[in-house]
Amino acid sequence: MRRLLIGLHALVLVLMARPASAQLQVVTSTTDLYDIATAVGGPLIRAVHISEGYQDPHFVEAKPSFILRLRDADVFAFVGLDLEIGWMPLLLQGARNRKLQPGQPGYLDVSSVVQVLDAARGPVDRSQGDVHPMGNPHYWLNPENGRRIARLFAGTFGALDPQHAAAYQDGAARFQARLAEQERSWTPLLAAIRGQPVVAWHTSWRYLADYTGLDIVGFLEPKPGVPPSPAHLAGLIATMKRTGAKLIIMEPFYDRKTADFVATRTGATVLVLPPSVGGIKAATDYFQLLRYNLEQLAAALR
Ligand SMILES: [Zn+2]
């Protein structure tokens, strides 16, 4: 009997241990997290993302097929701050994966390592349609946060797959070195952007503005997620005239007609920028996403 028990115990340990060849199964909510995870984990991980870069990340229709991916996942990395609130609870519930329960290392709220802008003051209130009640979740558009995300992934992947911990650290170091190289190369673009007044549709560009010194003087949305009213637009047009803002930046999935309306009344131009990897063809990875946006902004503001 004792021998049988020892045998069973050994069997359980064998079943629990990760085979040397098995890849860490990673699911991310967005393409940006996917791209950074892949840069850190390389062939050691198998990653998939749930939303596409051209979708409004606040309103993703998550397909039930992702329940199967989550069921087998070791890590689910998400942006947090309620960005995924519309679909995440349902998919996680359906997946019934104990590794992805809050408190487990596989439940990876990436917002835990960044400095959140527009953090909620006072009680959280969604009643007026504000989709950022926990603070602004678009933090990946500041490369400093890209670094933090890479380091978080290296630590988490290494903790779950200790025999490759050093390789994950190397992956994060390579990512950071490449990012530093990119930053040096786009310094002239920043000079063209810094201090320039613009308006934006959504507050998603706050993090890029923080990084570049771009001066966002107003937003088309009166609150994040709330469509502009005529009165709000009238106020915004006055602000643009006062500040000399001649550029309106917006994501591909917002209402171009409204932006054009404001542009014709202010002599401004509308610039459509991708907020995420895969948002347009040129934004093939995190570095290209940042570079494309900086190039477009610099060209429009010169
Ligand atoms: Zn948002």
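Start by selecting I249 and L271: I249 sits opposite L271, a residue of β8. Now widen the selection to the two strands, β7 (residues 247-250) and β8 (residues 269-272), which pair in the parallel sense over four bridges. Pairing here takes at least two bridges found by DSSP. Helices (H or I, at least four residues) and strands (E, at least two) are DSSP runs, numbered from the N terminus.

A word on what you're looking at: this is a predicted model, where local features need pLDDT of at least 70 and side-chain atom pairs count only at pLDDT 80 or more, while totals for chains, interfaces and linings use all residues. Residues are numbered from 1 along each chain as its sequence is written.

Now jump to F66, in helix α3 (residues 65-71). Is F66 buried or exposed? It's buried, because 21 other C-beta atoms lie within 10 Å. The cut-offs: 20 or more such atoms within 10 Å is buried, 12 or fewer is exposed, and in between is partly exposed, with C-beta atoms placed from the backbone. Show A95 too: F66 and A95 are 29 residues apart in sequence and 8.5 Å apart in space, C-alpha to C-alpha.

Last stop, α5 (residues 143-160): buried residues there include P143, I149, F153 and L160.

Zoom out, and the chain shows eleven helices and eight strands, with 43% of its 302 residues buried.
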